[in-house]
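Keep the sequence and the 3D view open as you read.

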Amino acid sequence: MKVMTLDIMISNELRQYITDHHLKFGDKLPSERELCELFSIQRLTLRSAMKILEEMGIIYVVPKIGYFVAKQRIIKNVNAIRLISEIIKDNASTYETKLFKFVEIEGDKYLCRETNLPLGTKFFEIKRLLIADHEPVCMDYCFIPVSLAPDLMDYKSSPENLNDILVDKYHFDFFRTTQRIRVIEAENSYRNALELSNNAHVALLSGCIYDDHNHIVAFTESYMKYERFSFELF
């Protein structure tokens, strides 16, 4: 049986404290002395509990000033068969998109190899900046075979509703995914839009989404600020 140590118990109590007191991003927690008195613990235990919360992305530390509530992370289940825009929309208080590109292209060697479709297959390339709580968090590229949604360009003015359009209008059935995730150095093509420094890294989630007949419906590449996301396998 797994034993819950005191610092883990206190970290859970602190999470509940943040919830009960309706603390939001940027709000300062009580001092170490006040928290030690509140929970009747030693400072070493408190700091260990705070370290747990910091690693979970729940709080952040400003040296010599104190502990503050961090921005809520967006939880992405790697196995979940959903567009990343829908995950962000569900986790953010406010959500918006900025359309950078919506064009019809011929698939090059890379895209056709990834999708296992013939070279020259027509795709819609949709490039969107996804913004959560007024912060750009993801540059999303979505490639959809034109044959599956030939008049998709008619919905160019509603990029934030891409998932609903694919499901409701074209009856897309997201059944299986081969998406994979890795950390890479941010590229110039999206670094400025995501407001990243020159040496910043991003989490890249990429792969294909298939329907229940094992036909590809989309290939996606999502470049995400990894400090704003938590990734789960189940």
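## Overall build

Helices (H or I, at least four residues) and strands (E, at least two) are DSSP runs, numbered from the N terminus. Counted that way, the protein has seven helices and eleven strands. This is a predicted model, in which local features need pLDDT of at least 70 and side-chain atom pairs count only at pLDDT 80 or more, while totals for chains, interfaces and linings use all residues. Residues are numbered from 1 along each chain as its sequence is written, and side-chain values use heavy atoms, with hydrogens and water left out.

Along the principal axes, the C-alpha atoms fill a box of roughly 65 × 40 × 30 Å. The domain assignment, which is automatic or taken from a database, gives domain 1 (6-69) and domain 2 (74-232). Between the C-alpha centres of domain 1 and domain 2 there are 36 Å.

## Burial and contacts

Of the 234 residues in the protein, 47% are buried.

A contact means heavy atoms within 4.5 Å. Among contacts between residues at least 6 apart in sequence, 58% join residues at least 24 apart.

## Two nonpolar cores

In soluble globular proteins, nonpolar side chains tend to be buried together. A nonpolar core is defined as a set of buried Ala, Val, Leu, Ile, Met, Phe, Trp, Tyr and Cys residues joined through side-chain atoms within 4.5 Å. The largest one here has 22 residues, and Y190, V202 and Y223 have the most contacts inside it. At least two residues of this core come from each of α5 (109-115), β5, β6, β9 (201-210) and β10 (216-224).

Which residues does Y223 touch? Leaving aside residues up to four places away in sequence, its partners include V137, Y141, I184, Y190, V202 and L204. A second, separate core has 18 residues, among them C142, I144, L152 and I165.

## Empty spaces

Rolling a probe the size of a water molecule over the atoms shows where empty space is left. On a 1 Å grid over the protein atoms alone, a cavity is a set of points where a 1.4 Å probe fits but cannot get out; a pocket is an open set with protein on both sides within 12 Å along at least five of seven lines; lining residues have an atom within 4 Å of a point. Grid points are joined across faces, edges and corners, and a volume is the space filled by probe spheres set on the points.

The whole structure holds one cavity of 30 Å³ or more, and the largest cavity has a volume of about 30 Å³. Its lining consists of F102, L152, Y155, S158, P159, L162 and I165. For residue classes, Ala, Val, Leu, Ile, Met, Phe, Trp, Tyr, Cys and Pro count as nonpolar, Asp, Glu, Lys and Arg as charged, and the others, Gly among them, as polar. The cavity lining divides into six nonpolar, one polar and no charged residues.

The second largest pocket holds about 150 Å³ of space. Ten residues line this pocket, with G57, Y60, A70, K71 and E227 nearest its centre. Its lining has four nonpolar, one polar and five charged residues.

Terms used:
Buried means under 20% relative accessible area, exposed over 50%, partly exposed in between (1.4 Å probe, protein chains only).
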